[in-house]
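Dear colleague,

I am handing over the structure below, and I would be grateful if you could look through it before reading on.

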Amino acid sequence: MTRREKRKEVRLTFEKQHGIPRVSATAVDRSEQAKEKERKQIEQYKALERNVSDRVKSKDYSGSTLQATSNLLTQNPEYYTIWNYRRLILQDAVHREVASGHDATGKEQIDEKDIAAAEKAGLTLPQQEISLLVNEDLQFLIPLLKQFPKCYWIWNHRSWLLATATKHLPAKSTVKLWQAELGLVSKMLALDSRNFHGWGYRREVVQELERLSGSSMAEKEFEYTTKMINSNLSNFSAWHYRSQLIPRLLEEREVGSEDRKKMLDTEFELITRALYTDPYDQSLWFYHQYLLSTLDPGNSQSTSLLHPVTNADRAQYLQQELDSIREMLDGAEDCKYIYQALLECSLRYLEVGSGNRSPLENEMKDWLVELKKIDPLRAGRWRDLEAKMKL
Amino acid sequence: MDSLDQTEWDVTISGTGLPQSLLALALSRSGLRILHLDRNGYYGGNEAALALRDAEEWTQEHGDQAGQERRAFSQAELVNKDGERSQTGLGPSRAYSLALAPQLVYTRSNLLPVLVSSRTHEQMDFQAVGSWFTISAPLSIQQEQSIIPTMMKVPSGREDIFADNTLDLRAKRSLTKFLRFVSAYDTDELQAQWASIRDKPVAQSLREDFGLRTDAAVAPLLGLALVPSSSDTTVMAYLVPRIARHMRSTGLFGPGFSAVLPKWGGLAEVAQVACRACAVGGGVYVLGQDAASASTTEDGRTEVKLSGSEKVTTKWLVGCVDDLPHSFSQQTGKEDGKPWPRSITIVSSPLTSLFPTTSEGGVTPAGAVIAVDSPDSDEPPVHIVAHASDSGECPQGQCVLYASTASENGMEKLDLAVKSLLQSVGEDPKPQVLWSMRFLQRAPRSAVTQTSDSAREGNVIRLQTLSTDVVLEDGMLEDVKKAWHAITGESEEHFMKFEPRNGEAEDDSVL
């Protein structure tokens, strides 16, 4: 099945997906037979490991050593030293290719086919070889990545391969590679939308693509976060990414203050709708908190979305949110996040608002009492909050 | 083939319907000598899949037979358009594989793990059943053309509720809260609350206990639970576990769907693969033969006379009520159920709006469920399961609709429901019915647990017929397991747990 064809079949077996283990047909076998089998497997593994180490130490960076590392890594991709060895081998191959490009004599017999392929791709022969090397390794990684989607070293090696390609190949080739990476990471995120390795890698890929093409992908990525959120509201990574994109979006769109207000309004509406649907979801409150933080005059980390913005504007939004969250309590009086948000919002309001503080401060005292009741395990934390509130 | 006459067997299974075929699969590694018969010329029995011409023959065989013997199907008829088949847009007969058993299989059903552990799942393809819909304001007999019925997607989880424009913020909150209750209703924490509401009628409890007052909020829940009777008579004890099953099944094999369907003709595929596995294990298969009568021999075995008048002796005789000799079907009664109307319709459009991908990058579903309210609120709804051409059941550009209802005189209702569906999708030109058949199927409406007394008479075991519930229920496999245990005496952990045969891959990890 090509990648373009839409997937129609459902698989009934799976490894480590959503934390559900494989359906295992046989119980753990502790017989002598099984132990003997296991002993042999351990010996084989150790022999392979020794083999690889010895070869690398003696600087045998041949194709058969590469194959040996492939065998070892397929069995144990967490063994990061072997990834380092693999990169030594690949690096050596790359350097030899680059060197051969400058040296006209002493070249091996060059295959006509290779020259033709290189010309067709618009690459020099060394570049073509490097491209093949990189692509082969990328292919090698794919089944490993699917089986171990949260292994740092696999993602890391992939990054390295892409960086190597970017260094040695012309932009039009590397753009294709990075675009393929975007496709891959979208697939990985479709399989597990909360894999933060995937999200981090995606940002890396997008950054490179933007650099190579000279144009911003903020709009598309913003749409992507919308899709992912619609798929799963609890996607903290998607909400976080969204919060990174909004300030850039507003810059790029070059909008005036009215449109900036509209954007902030739309985001508040979105998160309010989500919060009404499920106020017990912490990742939603984090995003709400982000939106509030953009209204914070003293906050250097969170850029203001509104521009220009006065304390009166800020107070208006905070008042609006206070009212909205107060209503949310109705039917969810046992939700501690709502009380936390009310207190947070009130503190912000008191900083920028004007007028009589006492009514709000009295409400805050009540909310704090509720919070202590609902979540007695965190009594210390509520005491700290109380002290901070200086009521 | 050599004559069967005077042969001796350990187990004789009559009928290759799904329950019997699964038993054959369960016994496929036992080394027992198994004779597996079916009176038809095809596999699958009541769960078979039929090519178009075969379906037409089938309707003739099962025509007006109300009360003839104990056949499951009766009053079958074609409701064709007039004219040559080539003019109607139908493809060749073999391009169709119409399922007599299009039941949904929830991802958490007990059938799927068994297909994995028995190593048969890789011989089948499964596809996702993605979206659930309800149609309210359906066409009634009087109003056929004047009203356009409205179809709404059923929110089946939090994200759907979030996106649903017809629900106001309060309704969103209440619905999510209800679903959260449902997902944990059987835990200790909620025991007291569950005890207090379980016997209440659904409409009342949803209103009083969960603040769900509007039709917009209640109708989708009824649709999700595939409630067969009218909403006035359904109680929470029926509704809640079914919704819980739906929710707990969502996302198990991929985001956005909770049930699967076997490709190429519904449960028929499963029966076929199961029989094949038994044949590989040495089972002998004979089509066109029935267990016409049976008697006990002196040494306690059963002598079975086949329809071709050959006689075999067997230690065990197993079948469903339709496939066992008359003498053993004296226990028929409430377990056999009533005759329910069902129809199969081929439509001239792929009805793509029924099969949207349910999540970013997810699978494209090949199945959809539509609950059509009855115009009369006292009457039960019609349930339609739609299968896209990706299911292999019809050519591209068409789709198949399987309709059923729990109303005894409901044949006309099925047609109206299908018409409502075709109108509500809002396609232009309007999708047409290319071909349709309907029939009555007598079966229990929902799986009834048999006691061992009623299921066994000496060494004749009667397996329960599949219910006509839109969903495949777990009871069937439990029933098969009991029969397997009676025959082999082995303990439960070994049921359907097979090692790979020589030559099969040791490791069936994915990708």
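Accessible areas come from the Shrake-Rupley method with a 1.4 Å probe, and for residues only the protein chains shown count as cover. On that basis chain B exposes about 20,400 Å², of which carbon and sulfur atoms supply 47%.

This is a predicted model, in which local features need pLDDT of at least 70 and side-chain atom pairs count only at pLDDT 80 or more, while totals for chains, interfaces and linings use all residues. Residues are numbered from 1 along each chain as its sequence is written, chains are lettered from A and ligands numbered from 1 in the order in which they are written, and side-chain values use heavy atoms, with hydrogens and water left out.

Turning to salt bridges (a side-chain nitrogen of Lys or Arg within 4 Å of a carboxyl oxygen of Asp or Glu), the count over all chains comes to 44. One of them joins Asp278(A) to Arg180(B), with the closest N and O atoms 2.5 Å apart; this pair crosses between chains, from the loop between helix H11 (257–277) and helix H12 (282–293) of chain A to helix H6 of chain B, helices being DSSP runs of H or I with at least four residues, numbered from the N terminus. Asp278(A) is buried at 7% relative accessible area, whereas Arg180(B), at 31%, is partly exposed (buried means under 20%, exposed over 50%, partly exposed in between, with a 1.4 Å probe and protein chains only). Both residues belong to a network of salt bridges that also links Asp281(A), Arg158(B) and Glu159(B).

Best regards

Methods:
Helix = DSSP H or I, 4+ residues; strand = E, 2+ residues; numbered from the N terminus.
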